[in-house]
Amino acid sequence: MSVAFVPDWLRGKAQVNQETIQRLLEENDQLIRCIVEYQNKGRANECVQYQHVLHRNLIYLATIADANPTSPSKVMD
C-alpha cells in the first residue's frame with residue numbers, strides 16, 4: 001500500500017515531513033523498477049496498477065511542493 005494513500009477521514013491531518021517524502025521517493029523508485037521489469041517481460045497490462053500508484057504519489061509530491069514554496073537557494077544549501 002502506498003504511503004500516499006490516506007483514508008478520507010484522515011486527509012489534511014497528516015504531518016508531512018522529510019521521512020514521509022523520502023519513503024515516497026523510495027517507493028516511486030521501486031514502482032518504476034517494477035514497471036520496467038513487467039514491460040521488459042512483455043506484460044504491459046500488469047503495469048497499469050503500478051502506474052496508477054506512481055501517478056498518485058507524484059501528484060501528492062507535487063501538491064506538497066506547490067504548498068511549500070521554498071527558494072531554490074535554500075534547497076541547494
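Student: How far is the sulfur of C34 from the closest cysteine sulfur?
Tutor: The gap is 9.1 Å, and the partner is C47. That is too far for a bond. Keep in mind that this is a predicted model.

Student: Is C34 buried, exposed or partly exposed?
Tutor: Partly exposed, because its relative accessibility is 22%. Buried would need a value under 20%.

Student: What about C47, buried or exposed?
Tutor: C47 is buried, with a relative accessible area of 1%.

Student: What does C47 touch, sequence neighbours aside?
Tutor: I35, Y38 and Q39. Residues within four places of C47 in sequence are left out of that list.

Student: Which residues make up the largest nonpolar core?
Tutor: Five of them: L31, I35, C47, V53 and L54. Helices α1 (18-40) and α2 (48-67) each supply at least two residues of this core.

Student: Zooming out, how many helices and strands does the chain have?
Tutor: Three helices and zero strands. The order from the N terminus is α-α-α.

Student: Take α1. Which of its residues are buried?
Tutor: T20, L24, E27, N28, L31 and I35. L31 and I35 also belong to the largest nonpolar core.

Student: What do the buried residues of α1 pack against?
Tutor: They pack against α2.

Student: Now α2. Which residues are buried there?
Tutor: V53, L54, N57, L61 and I64. They cover an arc of only 100° around the axis, so they sit on the same side of α2.

Student: What do those buried residues pack against?
Tutor: The buried residues of α2 pack against α1.

Student: Which exposed residues are on the face turned away from the buried side of α2?
Tutor: H52, H55, D66 and A67.

Student: What span should α2 have?
Tutor: 28 Å for its 20 residues, at 1.5 Å a residue. The end C-alpha atoms of α2 are 28 Å apart, which agrees.

Student: Switching to Q51. Where is it?
Tutor: In helix α2. Q51 counts as partly exposed because its relative accessibility is 35%.

Student: What does Q51 touch?
Tutor: I35 and Q39, not counting residues up to four places away in sequence. C47 is in contact with I35 and Q39 as well.

Student: How far apart are Q51 and N28?
Tutor: They are 23 residues apart in sequence. In space, the C-alpha to C-alpha distance is 9.8 Å. N28 is one of the buried residues of α1.

Student: Last topic, the whole chain. How many residues, and what share counts as buried?
Tutor: There are 77 residues, and 19% count as buried.

Student: What about the accessible surface?
Tutor: About 6,200 Å², with 55% of it belonging to carbon and sulfur atoms.

Student: And what share of contacts joins residues at least 24 apart?
Tutor: It is 57%, taken among contacts between residues at least 6 apart in sequence.

Methods
Residues are numbered from 1 along each chain as its sequence is written. This is a predicted model: local features need pLDDT of at least 70, side-chain atom pairs count only at pLDDT 80 or more; totals for chains, interfaces and linings use all residues. Side-chain values use heavy atoms; hydrogens and water are left out. A nonpolar core is a set of buried Ala, Val, Leu, Ile, Met, Phe, Trp, Tyr and Cys residues joined through side-chain atoms within 4.5 Å. Buried means under 20% relative accessible area, exposed over 50%, partly exposed in between (1.4 Å probe, protein chains only). Helices (H or I, at least four residues) and strands (E, at least two) are DSSP runs, numbered from the N terminus. Contact means heavy atoms within 4.5 Å. A disulfide is a pair of cysteine sulfur atoms within 2.5 Å. Accessible areas come from the Shrake-Rupley method with a 1.4 Å probe; for residues, only the protein chains shown count as cover. The expected span of a helix is 1.5 Å times one less than its number of residues. The arc is that of the directions from the helix axis to the C-beta atoms.
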